[in-house]
Amino acid sequence: MKKITTKTIKEMKGREKISMLTAYDYPMAKILDEAEIDMILVGDSLGNVVLGYEDTTHVTMADMLHHTKAVSRGAKRALIVADMPFLSYHTGVYDAVKNAGALISEGCANAVKLEGGAEICDTVRAIINAGIPVMGHLGLTPQHINKLGGHGKQAKTEEAAQKLLSDAKALQDAGVFAVVLECIPDELAEKVTKELDIATIGIGAGAKCDGQVLVLYDILGLFKDFTPSFVKKYADLSATVNNAVSQYIEEVKGGVFPQ
Ligand code: KIV
């Protein structure tokens, strides 16, 4: 088993598509790792799909540490990226480095992900200078939901597209090893992918990115509250669990289980 590193991810650009999924706990991380996923994201989508919040702004450092620890115990091969939650990197560079460091030293993640462009580049540089690899995140940035006002496509105007491209270049110059492009037009994602030397990881951004990421519970059909239109469901685990639980209830009530 060869551990995937940020160097591996950089080398995959243009050679092999990169696969990434979210995970939030030990058993799922183990399954993803055994299936040989390239990267596991301990996403702050944790807030929506595991903790039942309406958005990711309620996720704390304590939540992220708790779940990152569980994932890193389960996955030994995949590169583990932990999301820095809302306000964990906005109150000063000192806080940002300290919180990123905790996700590495306590959480045992291999890298952290931050949402934002040029405005966070000083913070990104400080985290990287501390020896912590950083992944960027542009386009739909869910931590800004109250400012954005919805989950729709981003960067639809020429001006917004130019800004996204220059943010991507600024992040690359700051040293990020890859960047997530969420919910942007396919053509823009393709252009960014062509113009950057680092890998782009798309979600709702078309097929031309260097890799793809999705929320695990969306593709498994486990989270039913809201499913983005770009998600492909590979299983309906909600129905499977419902059937198993209904059968168990029936057998307990009917005295069939235990025999
Ligand atoms: O938190 C998350 O799951 C994410 C992905 C949607 C990219 O940031």
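Here are a few notes on the ligand site, the aromatic pairs and some backbone details of this predicted model.

1. The space it takes up is the largest pocket.

2. Who sits around the ligand?

3. K113 has a side-chain N or O atom 2.8 Å from an oxygen atom of the ligand. For D44, a polar side-chain atom lies 3.1 Å from a ligand oxygen. D83 likewise places a polar side-chain atom 3.1 Å from an oxygen atom of the ligand.

4. Now the aromatics: how many aromatic pairs does a search of the whole structure find? There are two. One of them joins Y24 and Y217, with ring centres 5.5 Å apart; the planes meet at 80°, over the 60 degrees that edge-to-face requires, so that is how the pair is classed.

5. Check where those two tyrosines come from. Y24 belongs to the loop between β1 (18-22) and α2 (26-34), while Y217 is part of helix α10 (residues 216-219), so their pairing ties together parts that are 193 residues apart in sequence.

6. Two backbone spots deserve a glance, given that most residues other than glycine have a negative phi and most peptide bonds are trans. The peptide bond from F257 to P258 is cis, with omega near -5°. P258 is located in the segment after α11 (237-253).

7. The other backbone spot is L87. This residue is not a glycine, yet its phi is positive, near 70°. You'll find L87 in the loop between β3 (79-83) and α5 (93-105).

Conventions:
Residues numbered from 1 in each chain as written. Heavy atoms only, no water. Polar contact = N/O pair within 3.5 Å; in protein donor to acceptor, adjacent residues only side chain to side chain. 1 Å grid on protein atoms, 1.4 Å probe; cavity = no way out; pocket = protein on both sides within 12 Å on 5 of 7 lines; lining within 4 Å. Sits in = over half its atoms within 2 Å of the grid points. Phe/Tyr/Trp six-rings, centres within 6.5 Å; stacked < 30°, edge-to-face > 60°. Helix = DSSP H or I, 4+ residues; strand = E, 2+ residues; numbered from the N terminus.
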